[in-house]
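Me: I would like a close look at one part of this model. Please keep the answer plain and connected.

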Amino acid sequence: MTNHNQVTIRNEDDRISCELPVLQGTIGPDVIDIRTLYRDTGVFTYDPGFTSTASCSSRITFIDGDKGVLLYRGYPIEQLAEKCDFMEVCYLLLHDELPNGRQMQEFVNDITYHTMVHDQLNDFYKGFRRDAHPMATIVAVVGALSAFYHHELDIRCPIDRNLSAIRLIAKMPTIVAMSHKYSSGMPFMYPQNKLGYVENFMYMMHATPCEDYVQNPILVRAMDRILILHADHEQNASTSTVRLAGSSGANPYACITSGIACLWGAAHGGANEAVLRMLLEIGDVSRIGEFIDKAKDKNDPFRLMGFGHRVYKNYDPRAKLMRETCHEVLNELGLHDDPLFKLALELERIALEDEYFIEKKLYPNVDFYSGIVMRALGIPTVMFTAIFAMARSIGWIAHWDEMISDDEQKIGRPRQLYKGHTQRDVVSISAR
């Protein structure tokens with residue numbers, strides 16, 4: 001990032017005037033460096049939602065929403081999803097380069113032999129009600145990991161940070177699967193070292209002690225692609241939460257827990273869950289026209305979930321890949337005639353052809369297709385956000401590690417535009 005220009009800021013009567021440097025990244029918009037603005041002028045900037053503020057510099061992920069571009073460490077998401085598996089993407093996000101054969105084998109071995117959780121965590125789950133939301137148990141269990149690994153939590157030590165990253169990536173599938181098994185009243189299935197990362201997750205989610213579980217490679221690849229497409233998404237709400245928590249020096253498990261809690265919000269990680277709820281509300285193909293009209297009516301609170309994206313003003317590059325996977329899975333399982341999936345595909349067709357949606361660029365996004373795929377894979381709707389958290393954990397830990405290594409980072413302390421009372425005196429309770 002280089003300083004290549006300056007901008008002058010002044011108000012109408014020149015009461016406030018200063019020159020600020022403009023920073024330039026390798027790609028993307030230039031950034032005005034306002035770090036000295038308050039010192040030089042006595043004013044702050046006002047940016048609710050931080051939609052025009054860069055809170056950090058990063059080398060991990062780049063998004064161009066207008067052009068529909070998503071890059072992990074410079075690699076287009078389309079190429080990664082076609083040519084790599086999730087373990088390769090994890091290595092890339094952590095280490096800035098794709099692994100060679102030897103590096104990949106060592107990385108996979110490290111992950112494989114850290115998949116088990118401490119046996120006392122089995123009892124930890126028993127403290128929750130059976131009907132607790134899986135995200136509630138995952139938030140608690142991931143936070144509890146720091147109680148088991150507190151001897152290796154020196155955040156200034158690269159070895160400890162790498163070990164924490166390995167543990168987190170390895171244990172998240174186990175923790176997520178255990179949350180599912182607990183809420184459904186089924187016994188936990190321990191990870192199998194002979195299985196790959198995604199195969200292991202599918203096994204722990206679906207297998208029982210009663211019979212052998214047979215893996216379907218097409219379904220395994222579908223889950224692998226879901227994880228790749230959700231692995232990172234730049235400075236979104238949950239990633240920024242992880243960075244903000246990490247800026248205080250909190251341990252990595254506490255930081256990731258904060259990200260999971262943020263992701264739980266319906267406006268963030270709950271989007272694909274909302275798609276399924278919407279499809280259930282529509283109920284039948286014959287009612288699609290009615291709901292399309294409701295979506296077009298500005299005075300109607302109904303919204304089509306899974307269409308359009310806050311970041312991508314064109315087409316979500318992940319959606320095309322997820323669409324392909326969606327049809328592969330439906331073909332493999334013979335589900336094209338299932339009423340719910342039939343409804344989803346017809347809704348997709350109408351939205352892609354309707355002038356209203358085309359004009360407003362309300363294309364189906366990755367959440368629309370991933371929700372359909374996960375339901376086809378036999379995953380309960382309540383688990384969708386949990387799987388999103390499992391995928392995004394690699395992005396969170398990569399950003400946390402980058403932040404800890406960045407000499408420019410300070411503890412987060414956003415400012416505010418105060419609109420409350422001016423100073424006033426307290427009157428005794430008898431006189432109020």
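Leaving aside neighbours within four places in sequence, which residues is Asp 354 in contact with?

Reply: Ile 292 and Lys 296 are the residues in contact with Asp 354, once neighbours within four places in sequence are set aside (contact: heavy atoms within 4.5 Å). The model is predicted, with local features needing pLDDT of at least 70 and side-chain atom pairs pLDDT 80 or more, while totals for chains, interfaces and linings use all residues. Residues are numbered from 1 along each chain, and side-chain values use heavy atoms, without hydrogens and water.

Asp 354 sits in the loop between helix 15 (339-353) and helix 16 (355-359) (helices: DSSP runs of H or I, at least four residues, numbered from the N terminus). Its relative accessibility is 15%, so Asp 354 counts as buried (under 20%). The side chains of Asp 354 and Lys 296 make a polar contact at 3.0 Å (an N or O pair within 3.5 Å, one able to donate a hydrogen and the other to accept it).

Elsewhere, Ala 165 in helix 7 (residues 158-183) is also buried, because its relative accessibility is 3%. Beyond residues up to four places away in sequence, Ala 165 touches Leu 94 and Ile 397. Cys 90 is 75 residues from Ala 165 in sequence, with 10.0 Å between their C-alpha atoms.

Technical notes. Helices (H or I, at least four residues) and strands (E, at least two) are DSSP runs, numbered from the N terminus. Buried means under 20% relative accessible area, exposed over 50%, partly exposed in between (1.4 Å probe, protein chains only).
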